[in-house]
Structure formats: C-alpha cells, structure tokens
Amino acid sequence: MMDYLLTGVIAYLVGSIPSGLILGKLFWHTDLRKYGSHNIGATNAWRTLGKVPGIIVFLADSLKGQAGVLLGLSLVGTPLAAVIGGLLAIVGHSFSLFLRFHGGKGVATSLGVLTMLMGNVTLIVFVLWFTIVYMTRYVSLGSVVAGVITPILAALFAYPMEYIVFTVIAALLVIVRHRENIKRLMNGTENKI
C-alpha cells in the first residue's frame with residue numbers, strides 16, 4: 001500500500017513541474033501566464049511563442065505522463081500502479097503544487113500516459129486529434145473528441161479494466177478542463193491556431 005502511495009506522491013510532484021512556464025522563461029524570456037489563454041500548456045506556447053516552442057512544451061508535458069507510468073511500473077510493477085502514476089502526473093500538471101493548484105489542461109500529459117499504456121490506441125487517437133485540428137484549426141475540439149473516443153477504443157481493444165477506468169477519468173478531466181473552450185466553440189468565439 002505504501003508503494004502505491006509513494007508512486008502517487010512522486011508522480012504528482014513530477015506532474016506539477018510547470019514545464020511550459022520554466023521553458024518559456026528560460027529560453028524565450030516569456031511568462032506564458034501573461035499571454036494568450038494565460039495557460040502554461042503546449043497550445044498557448046504554440047500560439048504565443050511559435051511552433052517549435054509549442055512542440056517542445058508538448059514533448060516536455062508528455063514526458064511527465066510517461067514518467068508517472070514508469071514510476072508505477074518501477075516502484076510497484078502492477079497495471080494499477082502504472083495507472084495511479086500516470087493519473088497523478090496528469091493531476092499534477094493540471095493542478096500544480098508549484099502554481100497554487102493551477103496548470104495546464106492535461107492533454108499532452110494524458111497522451112504521454114497513453115503512449116506507455118496503450119500504443120495502438122495512442123496512434124489512433126493522435127491521428128484523429130491531428131486530423132480534427134488540421135481541418136478545423138481548433139485544438140480544443142480535437143482534444144475533447146480525442147478524450148471522448150479514448151475509453152471507447154480502450155474497451156474495444158479489451159485492455160485491462162484499470163486502463164479503461166483510467167481513460168474514463170482522464171477523459172472527464174480533459175473535458176472539465178476544457179469547459180470554457182467548449183462554451184466558446186458553441187458560441188463560435190473559440191480561438192484557432
């Protein structure tokens with residue numbers, strides 16, 4: 001039990017590292033919280049700093065999710081521990097201890113977890129997300145649709161129940177974190193990239 005708790009705490013702390021904020025200030029002398037959506041995630045980095053910084057922040061946030069899963073596998077070695085590590089990394093990114101429990105929307109970090117747990121689902125979800133974003137220029141729409149479809153794909157591919165439950169929780173978190181974007185999409189006022 002203590003191993004699971006330790007996994008969760010460390011994964012949360014790793015997820016809490018504000019990659020976008022650190023990278024933005026260190027390399028581009030920009031505090032992402034002061035521009036665009038005021039978010040520290042990859043989409044705001046893309047809009048504010050450009051494509052390359054956006055991709056770098058995306059990869060950094062994704063690595064936090066992968067690290068959470070690796071922690072679970074290393075410290076405990078069960079599917080449940082992998083899910084706990086991944087989920088707490090996402091929670092850390094979204095509600096960072098270092099940013100007074102504010103943070104990003106968790107999409108890149110969720111994708112990082114997904115790459116470690118379900119490779120084939122990751123590929124399908126990424127292609128779907130990319131296609132939606134490419135055709136509509138709405139990152140939020142691609143993210144929400146990808147979040148909704150992930151649990152369905154996890155169930156269709158008959159992944160362990162722990163993984164399916166993870167996808168449901170992660171999808172709900174992504175949707176909740178995008179609630180303002182969803183309102184703007186419905187009103188036709190959402191920002192495009």
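A158 is found in the loop between α8 and α9. Helices here are DSSP runs of H or I with at least four residues, strands are runs of E with at least two, and both are numbered from the N terminus. A158 has a positive phi of about 55° although it is not a glycine. Most residues other than glycine have a negative phi. At 62% relative accessibility, A158 counts as exposed. The term exposed means over 50% relative accessible area, buried means under 20%, and partly exposed lies in between, with a 1.4 Å probe and protein chains only.

The model is predicted: local features need pLDDT of at least 70, side-chain atom pairs count only at pLDDT 80 or more, and totals for chains, interfaces and linings use all residues. Residues are numbered from 1 along each chain as its sequence is written, and side-chain values use heavy atoms, with hydrogens and water left out.

The chain has 10 helices and 0 strands. Its radius of gyration is 16 Å, close to the 16 Å that the globule rule gives for 193 residues, so the chain is as compact as a globular protein of that length. The radius is taken over C-alpha atoms, and the rule is 2.2 Å times the number of residues to the power 0.38. The C-alpha trace spans about 45 × 35 × 25 Å along its principal axes. Of the 193 residues, 45% are buried. Contact means heavy atoms within 4.5 Å. Among contacts with a separation of 6 or more, 64% join residues 24 or more positions apart.

The chain exposes about 9700 Å², and carbon and sulfur atoms supply 72% of this area. Accessible areas come from the Shrake-Rupley method with a 1.4 Å probe; for residues, only the protein chains shown count as cover.

Helix α2 covers residues 19-28, and S19, G20, L21, L23 and G24 are buried in it. The buried residues of α2 pack against α3 (42-49) and α4 (51-75). H29 follows α2 and lies in the loop between α2 and α3. H29 is not a glycine, yet its phi is positive, about 50°. H29 is exposed, with a relative accessible area of 69%.

The largest nonpolar core has 22 residues, of which L117, M118 and F166 touch the most other members. A nonpolar core is a set of buried Ala, Val, Leu, Ile, Met, Phe, Trp, Tyr and Cys residues joined through side-chain atoms within 4.5 Å. At least two residues of this core come from each of α5 (79-94), α6 (107-117), α7 (119-136), α8 (139-156) and α9 (161-177). Helix α9 gives the largest share, 5 residues. Leaving aside neighbours within four places in sequence, L117 is in contact with V69, A82, V83, Y159, Y163 and F166. Another core, of 6 residues, lies apart from the largest one; L32, A45, V57 and A60 are among its members.

H178 sits in the loop between α9 and α10 (179-187). H178 is buried, with a relative accessible area of 4%. Residues up to four places away in sequence not counted, H178 touches K105, V107, S140, S143 and V144.

V127 lies in helix α7. At 46% relative accessibility, V127 counts as partly exposed. V127 and A146 are 19 residues apart along the chain, and their C-alpha atoms are separated by 9.4 Å.
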